[in-house]
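Have the sequence and the model open as you read.

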Amino acid sequence: MGFARSRHVGKVEDKFSPYGKETLAKLVDFVQNEVVPAERVFHAQLPTDEKLRWSTTPLIVFDLNKRAKELGLWNLFLSKSHYPDVGVPLTNLEYAVMAEVMGRTGHLASLATNCSAPDTGNMEVLARYGTPAQKAQWLVPLMDGQIRSAFSMTEKGVASSDATNIRTSIRLEGDEVVINGHKWWISGAGDPRCRMHLVMGMSDPKNSDKYRQQSIVIVPADAPGVRVIRPMTVMGYDDAPEGHCEIIYENVRVPASNVIAGWGRGFEVIQGRLGPGRIHHCMRSIGLAQRALDMMLERVTDPRRKTFGKFLHQHGTVIANIARSRADIESARLLVLSAAHQIDKVKAKGALKEIGIAKFVVPSMALEVVDRAMQSFGAEGLSQDTPLASWWAGLRTLRYADGPDEVHIQQIGRKELERAPGLKAKSDETKRREAALFDKYGIKARL
């Protein structure tokens with residue numbers, strides 16, 4: 001438990017239950033000794049052939065899944081306090097620390113423990129809003145790791161960062177829902193195990209409340225009319241086998257019972273889904289930043305590497321970059337832990353400020369830390385011989401995913417501006433009291 005306590009629990013150890021501490025200790029050991037050694041095997045088992053690449057799940061994943069289940073490291077993101085019928089006895093704060101541990105491997109540890117996006121958010125939606133039939137058909141196999149899923153929201157040619165702009169049509173015809181739309185960047189849709197999409201679309205365009213115009217519907221991945229056009233690449237990386245796909249839904253018909261939560265409640269559902277999901281991304285990003293810093297430390301202390309007569313770690317700029325990375329990670333971690341603690345206290349809706357700040361601060365922080373590590377590796381840091389370049393590309397997407405930085409910055413800025421009238425009133429009252437004191441002591445103000 002020593003490593004888990006010193007590195008990952010630290011200031012919040014008193015908020016960890018005995019179960020949380022035990023689980024964290026097992027997770028640290030599992031990630032370091034079983035997942036990290038499997039990283040290169042995972043990529044080696046992915047075929048380079050285009051067709052095989054998107055129809056293959058590396059065998060190492062199944063072995064890691066089995067081992068994670070044996071250790072009780074499964075579905076850790078579902079807190080029993082929020083999902084008493086399916087959750088595990090962990091708080092969001094405890095999971096925040098664990099997600100950082102999992103984030104050290106990019107996505108593989110999350111995949112191994114059934115804690116990877118977009119399945120985590122989809123499972124939360126089904127657990128919170130799903131009917132008994134929807135849970136039996138989709139949530140149970142998702143929680144067991146038998147299938148995977150996608151969340152289909154972003155649209156080609158549409159400014160999708162404003163969800164009210166979504167134009168995919170969802171209309172009711174008798175006892176069926178008909179879906180027509182063109183989506184892209186749909187994560188998880190390329191996975192050969194993907195069996196369902198949660199599709200968001202416009203279902204009531206004439207509703208006077210623009211936040212009641214959208215619905216979310218369950219669409220089986222093999223439903224007639226669902227066409228995966230292509231996998232998108234992020235700076236050349238395709239993130240196979242899950243991928244981020246362009247998809248056309250053409251006259252797709254599903255039972256009306258596939259609507260999530262009810263007609264016109266799509267916006268409400270995505271807000272409940274995105275809050276915890278945003279924090280999960282931030283937690284994992286901190287773990288990735290920490291791993292990058294660790295790699296940098298190994299690189300600059302390698303006795304075989306000297307420039308201009310000095311070891312790399314003897315150069316002032318290198319030392320400064322190490323210090324900046326350490327400080328950036330520590331401050332971002334406190335920000336994320338604070339947000340997770342707020343979610344535990346007042347749920348995601350009451351923690352929007354903390355979540356929003358973390359969402360635009362943490363990815364940029366992690367990008368800087370990884371960039372410094374890349375710089376210490378020279379040209380090798382840009383190549384396929386280290387994971388740094390792929391980590392950087394993945395982190396860069398987080399400045400768009402689940403809402404671009406600009407949206408969160410604007411929301412936080414507006415929220416801060418709401419404090420201005422109250423501050424002005426306090427300042428006026430302070431000046432009034434100050435003037436009274438000048439009068440009382442017979443002093444003439446100079447300004």
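Asn-92 is buried, with a relative accessible area of 7%; here buried means under 20% relative accessible area, exposed over 50% and partly exposed in between, using a 1.4 Å probe and protein chains only. Bear in mind that this is a predicted model, where local features need pLDDT of at least 70, side-chain atom pairs count only at pLDDT 80 or more, and totals for chains, interfaces and linings use all residues. Residues are numbered from 1 along each chain as its sequence is written, and side-chain values use heavy atoms, with hydrogens and water left out.

You'll find Asn-92 in helix α6, residues 92–103. Helices are DSSP runs of H or I with at least four residues, strands are E runs of at least two, and both are numbered from the N terminus. Which residues does Asn-92 touch, not counting those up to four places away in sequence? They are His-82, Met-283, Ala-340, Ile-343 and Asp-344, where contact means heavy atoms within 4.5 Å.

Now over to Gly-130, which sits in the loop between α8 (119–129) and α9 (132–144). Gly-130 also counts as buried, at 14% relative accessibility. Leaving aside neighbours within four places in sequence, Gly-130 is in contact with Val-125 and Lys-135. Asn-258 is 128 residues away from Gly-130 along the chain, yet their C-alpha atoms are separated by 9.3 Å.

Helix α12 covers residues 352–376. Its 25 residues reach 37 Å from first C-alpha to last, close to the 36 Å expected at 1.5 Å a residue; that expected span is 1.5 Å times one less than the number of residues. After α12 comes Gly-378, with a positive phi near 65°.

Zooming out, the chain has 15 helices and nine strands. Contacts with a separation of 6 or more are 72% made up of residues 24 or more positions apart. A few whole-chain values:

| Property | Value |
|---|---|
| Buried share of the 447 residues | 50% |
| C-alpha trace along its principal axes | about 85 × 65 × 45 Å |
| Accessible surface | about 21600 Å² |
| Share of that surface on carbon and sulfur atoms | 55% |

The areas come from the Shrake-Rupley method with a 1.4 Å probe.
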